[in-house]
Amino acid sequence: MRFARKSTVGAAIPTASMADISFLLLVFFMVSTVFVRYRGIPVTLPQAEAVEELEMRRHVTSIWVSNQGIINIDDAQVTLDQVGPLIHAKLTANPRLVVSLKADADAEFGRLSDVMQELRRVEALRVNFATLREKEDASQ
Amino acid sequence: MADIAFLLIIFFLVTTTMSQDKGLSLQLPPVGEAKKVKQKNVCNVWINDADEIAFYEQKQFTPVAFEQLAVEVRRRLTENEKLIVSLKAERGAKYSRFIDVLDELKLAGATRISIAEPEGGD
């Protein structure tokens with residue numbers, strides 16, 4: 001009695017397109033990467049439901065305001081009078097600038113209002129109050 | 001070649017931060033361009049130092065609970081679709097309260113929101 005011969009069909013994973021796939025992924029990540037430039041100061045952002053996402057990160061500049069009222073732009077602590085000129089310079093370089101106000105939930109509104117008046121003075125009118133998305137259970 | 005490509009892929013994978021900036025967007029009014037608006041088209045919402053909310057209409061305050069705010073604003077918006085909601089907070093109010101109220105106004109469908117300069121010194 002004869003047994004069937006061993007199958008000669010080889011099993012191989014085609015790797016010819018591997019380089020193409022890896023380069024595709026490489027290009028995707030290169031294009032989508034935006035390096036974190038500034039760390040800011042640690043703040044507890046408030047929560048909100050009607051949250052919109054800012055689209056172009058390169059048009060966004062952030063102003064951090066801590067609960068002590070400390071203002072921080074580009075990792076440098078600034079006084080209130082310096083906010084206007086700094087943002088004005090940024091706005092001249094990029095007219096599509098959106099200012100993201102990253103303020104602590106416990107901050108005083110008066111301080112934020114002062115910052116907003118400075119922004120209005122230099123005509124940086126598009127602002128975004130940075131918030132976290134409210135959790136489902138927190139809203140109930 | 002493939003090794004180098006994979007190395008670069010891993011590098012970009014690790015450094016990519018997908019988290020986007022998000023929050024409540026608002027257009028501030030320019031300085032010195034005080035538009036005259038009919039008083040009946042304005043709805044004033046006040047937040048005081050103690051984080052209490054009130055409507056200011058016909059020169060009198062009507063306190064409103066936070067839970068009722070969206071309902072009240074929505075009712076006023078259906079009565080008058082040109083309504084501008086003017087949000088005025090005192091300097092001592094908490095920022096989180098201001099965001100909560102702004103959030104409620106946006107949820108209520110108010111598109112014309114203005115932020116008035118606060119009264120009361122430090």
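**Notes on a two-chain model**

1. Let's start with burial in chain A: of its 140 residues, 24% are buried (a residue is buried if 20 or more other C-beta atoms, placed from the backbone, lie within 10 Å of its own; exposed if 12 or fewer; partly exposed in between). Keep in mind that this is a predicted model, where local features need pLDDT of at least 70, side-chain atom pairs count only at pLDDT 80 or more, and totals for chains, interfaces and linings use all residues. As for labels, residues are numbered from 1 along each chain as its sequence is written, while chains are lettered from A and ligands numbered from 1 in the order in which they are written.

2. Now walk along chain A. You'll find three helices and eight strands (DSSP runs numbered from the N terminus: helices are H or I with at least four residues, strands are E with at least two). Starting at the N terminus, the order is α-β-β-β-β-β-α-β-α-β-β. Chain A has a radius of gyration of 26 Å, well over the 14 Å from the globule rule for 140 residues, so chain A is more spread out than a compact globule (the radius is taken over C-alpha atoms, and the rule is 2.2 Å times the number of residues to the power 0.38). Along the principal axes, its C-alpha atoms fill a box of roughly 95 × 45 × 25 Å.

3. Chain B has three helices and six strands, in the order α-β-β-β-β-α-β-α-β from the N terminus. Its radius of gyration is 21 Å, whereas a compact globule of 122 residues would come out near 14 Å. The box for the C-alpha atoms of chain B is roughly 75 × 35 × 35 Å along the principal axes. Buried residues are 24% of its 122.

4. Where do the two chains' helices meet? Helix α1 of chain A (residues 18-32) packs against helix α1 of chain B (residues 2-15) at about 30°, with the axes 9 Å apart (axes are lines fitted to C-alpha atoms, for helices over the stretch in contact, and angles run from 0 to 180 degrees between N-to-C directions). That angle is why α1(A) is roughly parallel to α1(B) (under 35 degrees is roughly parallel, over 145 roughly antiparallel, 65 to 115 roughly perpendicular, and the rest oblique).

5. Who touches whom there? The residues include A:F23, A:L26 and A:F29 from α1(A), and B:F6, B:I9 and B:L13 from α1(B) (contact means C-beta atoms, placed from the backbone, within 7 Å).

Key:
Two residues are in contact if their C-beta atoms, placed from the backbone, lie within 7 Å.
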